[in-house]
Amino acid sequence: LVGIRSALGPRGLSCRQLGAPLREGRRGGVCQDLAAMSYQPGTQVEYFSTSMGQWIPARVVRNGQAPGTFDLDCKDAVDTSRIRLAGGGSAPSKGSGKGPSTGPLMMREGDSCFYKSSTHGWITAQVVKFRPEDGSYDLDVKQQVPQQSIFAISPGQGVEYHSASSSSWIRASVLRKGAAADTFDLDCKDGVPIARIRPPQDYVPSSNGGGGDMTCLGMGRRSGGYGGGGLSAISEQGGYHIPESQRLAKLDQLNQAMRAENPEELRKRLESTSALGLVGEEALDMAGHKLWQMQARPEAQADLRKATAGGNRTALEIALEAASAAGVPDGELEAARQALKRLSISPLWRYDPGDGHHIDVRQGPKVDGARVKKRLEAGDVFCVSEERQGTDAILYLQLADGRGWLFEKKPGVGAMCQRYAYNEMDSPGSYVIIHDDTAVTPTEAVGPSEQILTKLPARTAVRITQVSKNMSAQRIRGKLENPVGWISLLDTDSGIRWAIKHTPTGARMM
């Protein structure tokens with residue numbers, strides 16, 4: 001049947017129209033794109049690592065369990081949008097922007113943009129062609145769209161970006177096209193998928209559409225993505241002609257299948273409807289996305305539960321976005337958001353008893369517990385790996401460096417420790433070690449234990465002459481003036497810190 005492959009993917013309505021954005025790597029359709037078949041087992045490819053922010057060598061092992069994904073030797077279930085042939089090439093993609101920019105919006109065939117649907121508001125779309133005779137555009141979701149109903153994207157363009165950590169839309173500005181497919185670098189975050197971007201809520205199109213400066217960035221469809229409402233190529237004569245009664249009957253059956261949430265019935269209705277060659281029907285976009293949601297939901301739900309229990313902020317943020325897009329129940333989403341909020345709280349605390357006395361670190365989470373041969377002075381900042389609420393209504397704090405435990409308050413005394421807000425950007429300058437026994441290594445890389453030159457105790461003041469981001473290890477590293485070597489300053493995933501830019505009274509200078 002014509003166009004069934006494109007009908008069965010989720011790339012019709014933007015996920016934010018259904019309540020949440022869709023993360024990169026979760027936008028593959030129910031059927032793999034033909035372009036992805038060039039990735040045979042054993043093929044040498046490159047995989048875009050979000051943690052490293054770059055392409056890394058990899059090898060295809062097998063087709064992934066989820067449609068539109070592959071298992072690589074470095075990671076399973078990788079979406080085709082994050083794979084390219086070794087050497088910087090890529091598998092063929094029917095959505096790659098091609099041809100010269102045309103029309104007042106200067107958009108090319110294959111460019112992605114937003115279309116203003118009278119029913120669903122702004123939805124993602126793809127340019128099919130420009131019609132010079134009337135100045136309109138044919139999109140994959142609708143033909144002969146006037147400029148006023150199109151929002152194109154270009155550097156400097158104001159947009160709204162969905163922040164997973166705050167679960168809200170925030171203002172942003174486009175800087176450039178991102179390094180990965182279908183992403184943009186915004187002024188607040190790099191590599192943002194188009195599914196997490198939308199036109200501003202107060203955007204009012206001008207009489208000439210998006211304006212001469214609002215050109216689309218030539219972003220092609222992902223090879224595993226949904227082809228939108230265009231279920232087959234649009235003929236030069238402009239569309240298909242079927243009896244109105246037959247069209248309405250098919251669409252009514254499609255809507256009934258969506259309400260029933262029966263994947264097999266919905267698939268049949270999509271196939272039956274696509275056989276008519278319907279183009280631009282928003283019901284088809286909704287149905288294609290609905291089918292993808294029902295099939296993706298079990299895996300997304302399992303991933304969310306695993307990430308919530310795992311305590312990894314990055315993994316939970318990714319799983320939360322995928323689960324939102326797949327329609328996981330609101331109760332589970334809210335529980336995951338609360339877990340993410342807890343993980344996002346700064347792990348830094350400060351010992352501030354008020355009387356200036358030092359405190360002995362406890363061996364366990366107990367105010368009158370056994371003491372270890374470590375202590376903190378008033379004003380010392382420390383990093384916490386676990387916060388545990390005791391049965392005595394006291395919040396106990398486990399030091400991330402393994403020294404032991406402290407507590408937020410002490411009965412009969414009052415507050416002992418308080419959260420410490422640290423907003424300094426890491427750069428060369430004076431630092432103080434807050435992580436006891438911080439390892440000094442000879443190079444920027446995070447080396448094995450046998451390469452440790454020395455260890456620095458907490459409260460040691462040092463000077464950092466160079467700061468470097470080690471993306472593979474998720475660390476920000478600092479080069480020491482004395483002793484010569486490198487230390488970790490920050491774990492960018494967990495938020496754990498080894499040193500801060502403030503020097504407390506009495507810190508030992510190196």
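Keep in mind that the model is a predicted one. Arg-497 is a loop residue, yet it's buried. Strand β9, at residues 121-131, pairs with β8 and with β10.

**Arg-497: where it sits**
- You'll find Arg-497 in the loop that runs between β31 (485-491) and β32 (499-500).

**Arg-497: what it touches**
- The side chain of Arg-497 makes a polar contact of 2.6 Å with the side chain of Asp-426.
- A polar atom of the Arg-497 side chain also lies 3.3 Å from the backbone oxygen of Leu-489.
- Setting aside neighbours within four places in sequence, Arg-497 is in contact with a list of residues that includes Leu-348, Cys-383, Tyr-422, Glu-424 and His-435.

**Strand β9: how enclosed it is**
- Eight of the eleven residues in β9 are buried, so the rest of the structure largely encloses this strand.

**Strand β9: its partners**
- With β8 (residues 112-117), β9 pairs in the antiparallel sense over six bridges, and Ser-112 stands opposite Gln-126 in β9.
- With β10 (residues 136-139), β9 pairs in the antiparallel sense over four bridges, and here Arg-131 stands opposite Ser-136 in β10.
- The β9 and β10 hairpin has four residues between the strands, and Gly-135 in that turn has a positive phi of about 75°.

Technical notes. Residues are numbered from 1 along each chain as its sequence is written. This is a predicted model: local features need pLDDT of at least 70, side-chain atom pairs count only at pLDDT 80 or more; totals for chains, interfaces and linings use all residues. Side-chain values use heavy atoms; hydrogens and water are left out. Helices (H or I, at least four residues) and strands (E, at least two) are DSSP runs, numbered from the N terminus. Buried means under 20% relative accessible area, exposed over 50%, partly exposed in between (1.4 Å probe, protein chains only). A polar contact is a pair of N or O atoms within 3.5 Å; within protein, one must be able to donate a hydrogen and the other to accept it, and residues adjacent in sequence count only if both atoms are side-chain atoms. Contact means heavy atoms within 4.5 Å. Two strands pair if DSSP finds at least two bridges between them.
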